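Here is a short briefing on one protein structure. Keep the sequence and the 3D view open as you read.

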Amino acid sequence: VGLGNIMLWMFTTLLGLRPPSQFIDVSSGTSVVIVGPSKPRLSAWIIFIILGSGIFVFGTLLPLSEFIFKPRYTLQTKQQSLETIKQSKQIIANYPNMAMQINNIILNDSRLFQGRALYPRYYRSMESDSDYESWNAPRNFDRFSFYLVGPNNTGVIIPLDKQPEFDFPHAADVFIIGCQDDGYLKGLVVYIETTDTIVIGSPTSDSLSCPD
């Protein structure tokens, strides 16, 4: 019995169909009779209908996932974070000019970013990882850097003038007021939502304006 005939017999058996009644025995030339099932269990059409219906139902359920799994970062979460920064006593007391500028920021401002901060780390001037990416190359100032994932994926650098004392956990939710600068996002004001901490980039001139 050839391999092709055996595969054909297995395929028809799985479908519940009657396999061919005879196969040729190559070694002896005699016929070998294999008796198939007297009645098919399921026709191929029934199997195809069941599979097709299952695929159709699964496809119609995919749009529902948008309602079941809601986006993590929305205009509502952006509004909440922006309001937190606007009401920050730290900013109002120490950076009054910056506080006035923040009060004038609207939700569709291009300087607003939100997402999850991956691998936050502090670097001294001219330090970096041995396998750094271009946005996190050694720079001539102390900084805190992380990679932002969310609606916008980008490397973020917060210039600092000393070792930070705040807690910045991996995969923290963050809200950023910042400017694009030399292949990375420069964080001017960073709100670490996970720890309810606001970080101001240094040195600061109380200005939130981005260069053209």
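Phe 144, Phe 146, Phe 166 and Phe 168 form one aromatic cluster. The model is predicted. The briefing starts with these rings, then moves to the strands around them and ends with a helix.

**The aromatic cluster**

- A pair of aromatic rings is described by two things: the distance of the centres and the angle of the planes.
- The count for this structure comes to 5 aromatic pairs.
- Phe 144 lies in strand β4, while Phe 166 lies in the loop between β5 and β6. The pair therefore ties together parts that are 22 residues apart in sequence.
- Phe 166 counts as partly exposed, at 22% relative accessibility. The cut-off matters here, because buried means under 20%.
- The rings of Phe 146 and Phe 168 also form a pair, with centres 5.2 Å apart. Their planes are at 55°, so this pair is tilted.
- Phe 146 belongs to strand β4, and Phe 168 to the loop between β5 and β6. Parts that are 22 residues apart in sequence are tied together by this pair.
- Phe 146 is buried, with a relative accessible area of 0%. Phe 168 is buried at 8%.

**Strand β4 and its partners**

- Strand β4 covers residues 143-149. Of its 7 residues, 5 are buried, so the strand is largely enclosed by the rest of the structure.
- Which strands pair with β4? One is β3 (residues 112-123), which pairs with β4 in the antiparallel sense over 6 bridges. Another is β5 (residues 154-159), which pairs with β4 over 6 bridges, also antiparallel.
- Phe 144 of the cluster has a place in this pairing: Phe 144 in β4 is the bridge partner of Tyr 122.
- On the β5 side, Leu 148 has Thr 154 as its bridge partner.
- β4 and β5 form a hairpin with 4 residues between the strands. There, Gly 150 takes a positive phi near 160°.

**Strand β7 and its partners**

- Strand β7 spans residues 184-192. Of its 9 residues, 8 are buried, so β7 is largely enclosed by the rest of the structure.
- β5 and β7 run parallel and are joined by 2 bridges. Val 156 stands opposite Leu 185 of β7.
- β6 and β7 run antiparallel, with 8 bridges joining them. Ile 176 stands opposite Val 190 of β7.
- The hairpin of β6 and β7 has 2 residues between the strands. Asp 182 takes a positive phi near 55° in this hairpin.
- β7 and β8 run antiparallel and are joined by 4 bridges. Thr 197 in β8 is the bridge partner of Ile 192.
- β7 and β8 also form a hairpin, with 4 residues between them. In its turn, Asp 196 has a positive phi of about 55°.

**A closer look at Lys 186**

- Lys 186 is found in strand β7. With a relative accessible area of 29%, Lys 186 is partly exposed.
- How many residues apart in sequence are Lys 186 and Ile 176? They are 10 residues apart in sequence, and 9.2 Å apart in space from C-alpha to C-alpha.
- Which residues does Lys 186 contact, leaving aside its neighbours within four places in sequence? They are Ile 157, Pro 159, Ile 177, Gly 178, Cys 179 and Asp 181.

**Helix α6**

- Helix α6 runs over residues 96-103. Met 98, Ala 99 and Ile 102 are buried in this helix.
- Seen down the helix axis, the buried residues of α6 fall within an arc of 105°. They therefore line one face of the helix.
- What do the buried residues of α6 pack against? They pack against helices α4 (75-86) and α5 (89-94). They also pack against strands β6 (172-181), β7 (184-192) and β8 (197-200).

Notes:
Residues are numbered from 1 along each chain as its sequence is written. This is a predicted model: local features need pLDDT of at least 70, side-chain atom pairs count only at pLDDT 80 or more; totals for chains, interfaces and linings use all residues. Side-chain values use heavy atoms; hydrogens and water are left out. Buried means under 20% relative accessible area, exposed over 50%, partly exposed in between (1.4 Å probe, protein chains only). The arc is that of the directions from the helix axis to the C-beta atoms. Contact means heavy atoms within 4.5 Å. Two strands pair if DSSP finds at least two bridges between them. Rings of Phe, Tyr and Trp (its six-membered ring) pair if their centres lie within 6.5 Å; planes under 30 degrees apart count as stacked, over 60 as edge-to-face and the rest as tilted.
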